[in-house]
There are 2 protein chains.
Amino acid sequence: MAVYTHLSAETLEELIAEYDVGKLVSAKGIAEGISNSNWLIETTGKDGEGARFILTMYEYRIDIEQLPFFLNLLDHLAARGCPVPATIHDRQGNAYRDLDGKAVALIEFLQGVSIGHPTAEQAFEVGAALAQIQLAADDFTMTRTNDLRPPDWRDLFDKCGMEAIAGISEKLADSIGAHLPALLQRWPEDLPIGTIHADLFPDNVLVLGNTVSGLIDFYFACTDFLAYDLAVAHTAWCFSADGSEFRPDISAALLKGYASKRTLNDEERAALPLLAKGAAMRFIATRSYDWINTPAEALVMRKNPMDYVRRLRHYDALGAQAFAPLT
Amino acid sequence: MAVYTHLSAETLEELIAEYDVGKLVSAKGIAEGISNSNWLIETTGKDGEGARFILTMYEYRIDIEQLPFFLNLLDHLAARGCPVPATIHDRQGNAYRDLDGKAVALIEFLQGVSIGHPTAEQAFEVGAALAQIQLAADDFTMTRTNDLRPPDWRDLFDKCGMEAIAGISEKLADSIGAHLPALLQRWPEDLPIGTIHADLFPDNVLVLGNTVSGLIDFYFACTDFLAYDLAVAHTAWCFSADGSEFRPDISAALLKGYASKRTLNDEERAALPLLAKGAAMRFIATRSYDWINTPAEALVMRKNPMDYVRRLRHYDALGAQAFAPLT
């Protein structure tokens, strides 16, 4: 949650002049994004009626060669009526530009707020929106390898070292030891594949009342199992923040919402309990790595991997029951 | 530059419902304010046409008993046509509310951007706007003691200890030793007094082209010498950021702008060189204190006191010449 780079008003004015969006009238650095700096930009608009945008500067982690995948995906989905922000192209047609050696993109601003405690109605709509973008991406021709699959989790744990992980918590080390081998061995190979969001946390969903007004932050989007995307959303939405409490009503609503748009096949339904354990392990892996490699006083808030160890245990105990009514 | 507190959408919706501003449609934490958390809030507006506000949560430093001074001042100036954001009062007429034990205020959103490198035209308008708010505050009846006057600078240096200050830089310690005694001894006692902004840095001014669209962040406002306010603005605007370069054209424009609205008397003009050294010393004092008391890795960016030692030296060398054409 930070703005890493200072952009002067003069720099912003010059940048905005490269787009057909009117003149700059306001720019506020916003406290969103871990690897990006973001500004909420207001302009006079193309026809003088005012317009708002998010300006994103890609600071870390993102390989510029992958930007066309993310930005084209937004355009593809927006053009098909999905609630995602379209990329604004500059006067030369570029989806992103270079600014002082960093890539920046101007992206549509969407109304809505991120909810902390979803209602069942909202969870249903989120499940439906997830299926909607998966279906709309069916004819999206670009692909991107998921770089956070089971062997990548193992690599992250190896980089941490099990001693450092046990230093966070013995229970953390135990859970990894107990579940990672089976995930590596039994991870499916032949489920339906497509373009997935892969990070559909409440932070990345904007709602207006019960309507999903925006799905944002597609920077983990990739080509992988469609049902894994649902498993990630499930682990993100259907528990209390620290993972101690499973919320069956929210779970049922999310799954029903997804099923209202896309029907899982038998293999996908059978795989859900395993995929959900994998989704929990994926966040255990990145959070453990970040926990060990981020100084406690850094600008970025460290997230506790134990929140996902608790989810993993719920999935282990509940099995297919966590995915009623689908299984 | 941080948002210290997380407010859920549900909490924000309940809060906004206490005001006659329509329903919440967007909330973004913005990276502004050192002692506050701020959100850019969008609502459907009173009549459904949309409206925007800044929600400020007072986190540190601000004594809640002083909040009425700051917020009433905004209302007073806004009612007199000054480009400052008015406070939005809740349905019961309160200018601020309690939220989880912290005070929050909803404040008008003003368009405009903070300029990094002012033109002479912009500096003229800023000088004129400063005089405008001083004049408009003439019948403001509340007062607030300036808690950053010369004896307070001395107390801050005492709290730091000269050893720690010399640890930042020997030149810093030398400059304090060379100039603080004279400032304490010769500080004026009988210049015209009024309500002053006392912190009119470029960060706190919004412009649209050459028009000043907003003066913001009145949380150092107090009752003190009107000419000292001009001296603070002068030290903030008329140098390169690190203080190494004096900008006579910007200085002349700022002073002419001020003089276009309010005429300094002879005593004020004669005092300007001393007041400007004092303004530089005030920022040397707070920056030295913050430098010593803020861990290097903290969320807040430390500002180098040496930037103001360089300004102090310019004022010492230039004397009244820094305030041509007024002196």
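**Notes for all views.** Local features in this predicted model need pLDDT of at least 70, side-chain atom pairs count only at pLDDT 80 or more, and totals for chains, interfaces and linings use all residues. Residues are numbered from 1 along each chain as its sequence is written, chains are lettered from A and ligands numbered from 1 in the order in which they are written, and side-chain values use heavy atoms, with hydrogens and water left out.

**View 1. Chain A and chain B are related by a turn of 180°.** In chain A, the C-alpha of Ile30(A) is nearest the axis, at 2.1 Å. Both copies use the same surface, as 100% of the contact residues of chain A recur in chain B.

**View 2. The interface joins 30 residues of chain A to 30 residues of chain B.** Contact means heavy atoms within 4.5 Å. About 2,500 Å² is buried between the chains, and carbon and sulfur atoms give 56% of this area (buried area is the accessible area, with a 1.4 Å probe, that two parts lose on being put together, summed over both). Val25(A), Lys28(A) and Val113(A) supply 22% of what chain A buries against chain B, more than any other three residues.

**View 3. In chain B, helix 4 (residues 150-160) meets helix 9 (residues 266-293).** Helices are DSSP runs (H or I, at least four residues), numbered from the N terminus. The two axes come within 9 Å and cross at roughly 30°; axes are lines fitted to C-alpha atoms over the stretch in contact, and angles run from 0 to 180 degrees between N-to-C directions. That makes helix 4 of chain B roughly parallel to helix 9 of chain B (angles under 35 degrees). The crossing is left-handed, meaning that the near helix is turned anticlockwise from the far one by less than a right angle. Among the residues that meet are Trp153(B) and Phe157(B) in helix 4, and Met281(B) and Tyr289(B) in helix 9.

**View 4. Helix 4 of chain B also packs with helix 6 (residues 170-186) of chain B.** Their axes come within 9 Å and cross at roughly 145°, and this crossing too is left-handed. Helix 4 contributes Pro150(B), Pro151(B), Trp153(B), Arg154(B) and Phe157(B), while helix 6 contributes Ile176(B), Leu180(B), Leu183(B) and Leu184(B). By class, the contact has eight nonpolar, no polar and one charged residues (nonpolar: Ala, Val, Leu, Ile, Met, Phe, Trp, Tyr, Cys and Pro; charged: Asp, Glu, Lys and Arg; polar: the others, Gly among them).

How values were computed:
Helices (H or I, at least four residues) and strands (E, at least two) are DSSP runs, numbered from the N terminus. Angles under 35 degrees count as roughly parallel, over 145 as roughly antiparallel, 65 to 115 as roughly perpendicular and the rest as oblique. Copies are superposed by least squares on the C-alpha atoms of residues with pLDDT of at least 70 in both.
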